[in-house]
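Dear colleague,

I am handing over a structure that you have not worked with before. Please open it alongside this message, and then read on for what was found in it.

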Amino acid sequence: TIEFWHSMGSSTGELVQAIVDDFNASQDEVIVECIYQGDYTTAGTKLQAAVSGGNAPQVAQIEITRVGMYAAADMLMDLKPFADADSEFNVEDMYAGVMDFSWYDGKLVSLPNGRSVPVMYYNVDALKAAGFDHAPETWEELRAASAAVTGDGTYGFGCPLGDSWYYLAMMLTAGGQIYNEEGNNIGFYGEAGTKPLQLWLDMIADGSLYLPEGDDYASNAALRNSFMAGVCNITMQSSAQYRSLSDNSNFEVGVAYIPKDVTYAAIPGGSNLVAFEGMTDAEAQATWKFMKYMCSGEVAGRYAAGTGYLPTSDAALNSEIYQEKLKEYPYLDIAVK
């Protein structure tokens, strides 16, 4: 028996539980106890306390920027020997773009699970009524569309200023970069760094920007609720929210790239699976069996199809369930593109 800690609530959490239940039913060697520990921030605090106290779970789903902290402290099990010895699993089958945060100092310290990019969601009906037959593609078009659908208690663009992910996404479209060329400082000093802030200030001034209450994930949740309620008609959220937003809105939900200033860009996010050092050989083998199941094409495809997270391989992208859902949810692969 091994423990799996995760951060997926609501319908996504139900899907995670269903996938784990199916794993448990598929074989009689391993039982996985699936435990929800709150959002990434809450779960991250609990996990740090558990690791410090010697009570870490065998497997955890953690937000990708936290992987390095545990890897640097030599707390994560190296998965490379297991992958090398497994004829059914090939790390190279995974998309290179989602394998960021998987390697550290030559060790395979995590596997992608629930990877995402920020995308723009928009109320297709509201924009069409205002004369816009396609999603805003540039910052100028974003301002124009937002102004056109603002009024009578509704706003054009809703922005979660409490989450830097979306600022960084806009900064990249303005031609900036996360780090400077030397890799020893930030790369968005100057115009690329200030332009998103100025855009938002200008939209606050003209009344077209909706600012949700709360910080961090709370502001994101508030913004999603406002979007589904029609309070704001355009927003940026994780690609993982597509199915939820589409299923719970009484209007057509469109999905598009983050509008560009000078270029389109995507910044990765989401979570990876990690395994902690200190297990018995039997626990380690059980953990690998579960982790490779979660990353298999059919399961990863099912997870992506049920949410909007990125398929992590060609096998996931071309899985029957993903391709079937793509017919029903035509914007599902915007994040893939």
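Is serine 146 buried or exposed? With a relative accessibility of 0%, serine 146 counts as buried, the cut-off for that word being under 20% relative accessible area. Please keep in mind throughout that this is a predicted model.

Serine 146 and its helix

Serine 146 belongs to helix H6, which covers residues 139–148. When residues up to four places away in sequence are not counted, serine 146 touches Gly156, Phe157, Met203, Ser208 and Ile234. The axes of H6 and H8 come within 12 Å and cross at roughly 15 degrees, and because angles under 35 degrees count as roughly parallel, H6 is described as roughly parallel to H8. The crossing of H6 and H8 is right-handed.

Two further helix pairs

Helix H8, residues 191–205, also packs with helix H7, residues 164–173, and here the angle is about 115 degrees while the axes are 8 Å apart. The crossing of H7 and H8 is right-handed. On the H7 side, Tyr166, Tyr167, Met170 and Met171 take part, and they meet Ala192, Gly193, Pro196, Leu197, Leu199 and Trp200 of H8. The residues in this contact of H7 with H8 divide into 9 nonpolar and 1 polar, with no charged residue.

Another pair is formed by helix H12, residues 297–305, and helix H14, residues 320–328, which pack at an angle of about 20 degrees with their axes 7 Å apart. H12 and H14 are therefore roughly parallel to each other. The contact brings Glu298, Gly301, Arg302, Ala304 and Ala305 of H12 together with Glu320, Ile321, Tyr322 and Lys325 of H14, and the residues of this contact divide into 4 nonpolar, 1 polar and 4 charged.

The sheet

What is the order of the strands in the open sheet of 5 strands? The order is E2-E1-E3-E14-E6, and the pairing is mixed. Strand E2 (32–36) and strand E6 (111–116) stand at the edges with a single partner strand each, so one side of each is left without a neighbour in the sheet. Neighbouring strands of this sheet are turned against each other by 20 degrees on average, with direction ignored.

Within the sheet, strand E1 (residues 2–6) pairs with strand E3 (residues 59–63) in the parallel sense over 2 bridges, and phenylalanine 4 stands opposite valine 59 in E3. Helix H11, residues 281–294, packs on the sheet, where it touches E1, E2, E3, E6 and E14, and the direction of H11 makes about 40 degrees with that of E1.

Alanine 275, which lies in strand E14 (residues 269–275), is buried, with a relative accessible area of 0%. Leaving aside neighbours within four places in sequence, alanine 275 is in contact with Gln58, Met75, Leu76, Met77, Leu79, Thr287 and Met291.

Two loop residues

Where does phenylalanine 101 lie? Phenylalanine 101 is in the loop between helix H4 (80–84) and strand E4 (103–104), and its phi is near 70 degrees, a positive value in a residue other than glycine. With a relative accessible area of 35%, phenylalanine 101 is partly exposed.

Aspartate 105 is placed in the loop between E4 and strand E5 (107–108). The phi of aspartate 105 is near 55 degrees, again a positive value in a residue other than glycine, and aspartate 105 is exposed, with a relative accessible area of 70%.

With kind regards

Technical notes:
Residues numbered from 1 in each chain as written. Predicted model: local features only at pLDDT ≥ 70, side-chain atom pairs only at ≥ 80, totals over all residues. Heavy atoms only, no water. Axes fitted to C-alpha atoms, helices over the stretch in contact; angles between N-to-C directions. Helix = DSSP H or I, 4+ residues; strand = E, 2+ residues; numbered from the N terminus. Parallel < 35°, antiparallel > 145°, perpendicular 65-115°, else oblique. Contact = heavy atoms within 4.5 Å. Nonpolar A, V, L, I, M, F, W, Y, C, P; charged D, E, K, R; others polar. Left-handed = near helix turned anticlockwise from the far one by under 90°. Buried < 20%, exposed > 50% of the residue type's maximum accessible area, 1.4 Å probe, protein only. Pairing = 2+ DSSP bridges.
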